[in-house]
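Please look over the sequence and the model below before reading on.

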Amino acid sequence: MEFAENAVLDSIANNAFNDANIKSLMIPDKVKYIGERAFNDCDSLKNLTLSSELQGIENSAFRRCISLESVVIPDKVKYLGYDSFIDCYALTTVEFSSLSQLDSIAQGVFAHTNIESIMLPAGVKHIGLYAFYNCQNLDQLHIHENVAFV
């Protein structure tokens, strides 16, 4: 799914594409927020490119996108809402840059995924309950000393 190149879209509403048959998704660079359950249950979503201007991913935004294999969280994202990527069973890779502004990972964000290794950004201070629950393939989790709550 592609948006028009000159789209003035600055956010994606709650439930906007819930249960849609989307295989590939490129979020336009002007989008700053992705609403709750915006792409919930998009079973076919395999390729995802997030907006470079994205600042927040709301609760359950990509919940049960069971074909999604990897995601790169853009630098300006400050928070991942609870259960944002829960039940993305094919998800094995999550990447953050060294310039990441992320400071909070909410409850259940990556629960029930197949992430193998993840290096959290230095700015993360809070990791919510069950953030990595039932990640049976998680072999390496790198947490910086700035984390105040796990």
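**A walk through the predicted model**

On the surface, a nonpolar patch is formed by Leu 129, Tyr 130 and Tyr 133, which together have about 360 Å² of accessible area. Of these residues, Tyr 133 is placed in the loop between strand S11 (126-127) and strand S12 (140-142), and it counts as partly exposed because its relative accessibility is 45%.

Since this is a predicted model, its confidence deserves attention before the details are read. The mean pLDDT of the protein is 95, and 100% of the residues score at least 70.

The cysteines come next. How many disulfides does a search of the whole structure find? The search finds zero. The closest cysteine sulfur to that of Cys 42 belongs to Cys 65 and lies 5.1 Å away, which is too far for a bond, because a disulfide requires the two sulfur atoms to be within 2.5 Å. Cys 88 is likewise in no disulfide, its nearest cysteine sulfur being that of Cys 65, at 5.0 Å. Cys 42 counts as buried, with a relative accessibility of 0%, and Cys 88 is also buried, with a relative accessible area of 0%.

Charged side chains make up the last part of the picture. Side chains of opposite charge can pair when their charged atoms come close. In the whole structure, a search finds four salt bridges. In one of them, the side chains of Glu 36 and Arg 37 meet at 3.1 Å, N to O; Arg 37 counts as partly exposed at 30% relative accessibility, and Glu 36 counts as partly exposed at 25%.

Another salt bridge joins Glu 69 to Lys 46, with their closest N and O atoms 3.7 Å apart. Because Glu 69 lies in the loop between strand S5 (56-57) and strand S6 (70-73), and Lys 46 in the loop between S3 and strand S4 (47-49), this pair ties together parts that are 23 residues apart in sequence. Glu 69 is partly exposed, with a relative accessible area of 37%, and Lys 46 counts as partly exposed at 40% relative accessibility.

Glu 53 and Lys 76 also form a salt bridge, in which the closest N and O atoms are 2.7 Å apart. This pair links distant parts of the chain, 23 residues apart, with Glu 53 in the loop between S4 and S5 and Lys 76 in the loop between S6 and strand S7 (79-80). Glu 53 is partly exposed, with a relative accessible area of 28%, and Lys 76 is partly exposed, with 30%.

Terms used. Residues are numbered from 1 along each chain as its sequence is written. This is a predicted model: local features need pLDDT of at least 70, side-chain atom pairs count only at pLDDT 80 or more; totals for chains, interfaces and linings use all residues. Side-chain values use heavy atoms; hydrogens and water are left out. Patches are made of residues with over 30% relative accessible area and no salt bridge: like charges are joined within 9 Å, nonpolar side chains (Val, Leu, Ile, Met, Phe, Trp, Tyr) within 5 Å. Accessible areas come from the Shrake-Rupley method with a 1.4 Å probe; for residues, only the protein chains shown count as cover. Helices (H or I, at least four residues) and strands (E, at least two) are DSSP runs, numbered from the N terminus. Buried means under 20% relative accessible area, exposed over 50%, partly exposed in between (1.4 Å probe, protein chains only). pLDDT is the predictor's confidence in each residue, from 0 to 100.
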